[in-house]
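Subject: Structure handover

Hello,

Please find the structure below. My notes on strand pairing and aromatic contacts follow it.

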Amino acid sequence: MATDGCASSSGSESSATTLSAEEAHCLYCFDVIASHFARTRCPEPAFDTAIQCPLFVTWYKQGQHSHMDLRGCIGCLKPLPITSLRDYALSSALRDQRFKPMQEREMPMLQCTVSLLTDFEQALDIYDWTIGTHGVLIDFIDPCGTSRTAVYLPEVPPEQGWTKAQTIDSLIHKSGYMQPITDNMRSRIRLTRYQSSLMTRSYDDWLKARQPVIGAGR
């Protein structure tokens, strides 16, 4: 997952909220990329657009043995208008540097997950969070004086089967620090934990939801 220049925890401290990801959010992300490939105007969002929150859009593609493989993930840790799903649907599909830009022929194999991030809290230490409940954001100054940061969504550690210690060390490497990791290094870390509301829908879900609209337009 990438943060598209929004990795700073500044501005992400927020009070508890009841924000919930919706099916309409995922379907809109499919609308966005379908319109991009068709070079047509994207339909207007069918959800409340007055919301602001940090968010991520993640694409998965069906691979061998029907396993869903990561295809792109980009988001921002600062509060954004919910309509920014449009920008991040495109960015995660086309500009995640870990992958080649998505092609239209891949759409039938896709799933989209929208994550709305909530309840940012400063942790007491690097282990003050719960696997499967919290996402984790670390920032620290390395021994050379370089400021570093990295983040994982809540689902990443359980998907990878990591312990808290393994997650922290993976985040340190993800931040770009490739020297040996010591206890002194870990003591430099400030950790922010947060939660998220997820919704996942497939291409087939999108097609079924939009079929009456597609048929009416013929």
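E1 and E2 form a hairpin with five residues between them, and histidine 65 in that turn has a positive phi of about 60 degrees. Helices (H or I, at least four residues) and strands (E, at least two) are DSSP runs, numbered from the N terminus. Before the rest, the ground rules: this is a predicted model, in which local features need pLDDT of at least 70, side-chain atom pairs count only at pLDDT 80 or more, and totals for chains, interfaces and linings use all residues. Residues are numbered from 1 along each chain as its sequence is written, and side-chain values use heavy atoms, with hydrogens and water left out.

Strands

E1 and E2 (residues 68-81) run antiparallel and are joined by ten bridges; two strands pair if DSSP finds at least two bridges between them. Glutamine 52 stands opposite proline 81 in E2. E1 also pairs with E3 (residues 110-122), again in the antiparallel sense, over seven bridges. Valine 57 has valine 114 in E3 as its bridge partner. Eight of the eleven residues of E1 are buried, so this strand is largely enclosed by the rest of the structure. Buried means under 20% relative accessible area, exposed over 50%, and partly exposed in between (1.4 Å probe, protein chains only).

Aromatic pairs

Rings of Phe, Tyr and Trp (its six-membered ring) pair if their centres lie within 6.5 Å; planes under 30 degrees apart count as stacked, over 60 as edge-to-face and the rest as tilted. The count by this rule is eight aromatic pairs. One of them is edge-to-face: tyrosine 28 and phenylalanine 47, at 5.5 Å centre to centre with 80 degrees between the planes. Tyrosine 28 lies in H1 (residues 23-38) and phenylalanine 47 in the loop between H1 and E1 (52-62), so the pair ties together parts 19 residues apart in sequence. Tyrosine 28 is buried at 5% relative accessibility, and phenylalanine 47 is buried at 9%.

Tyrosine 152 and tryptophan 162 form a tilted pair, 5.4 Å centre to centre and 45 degrees between the planes. Tyrosine 152 is in E5 (residues 147-152) and tryptophan 162 in the loop between H3 (156-160) and H4 (164-174), ten residues apart. Tyrosine 152 is buried at 9% relative accessible area, whereas tryptophan 162 is partly exposed at 22%.

Phe30, Trp59, Tyr203 and Trp206 form one aromatic cluster.

Regards
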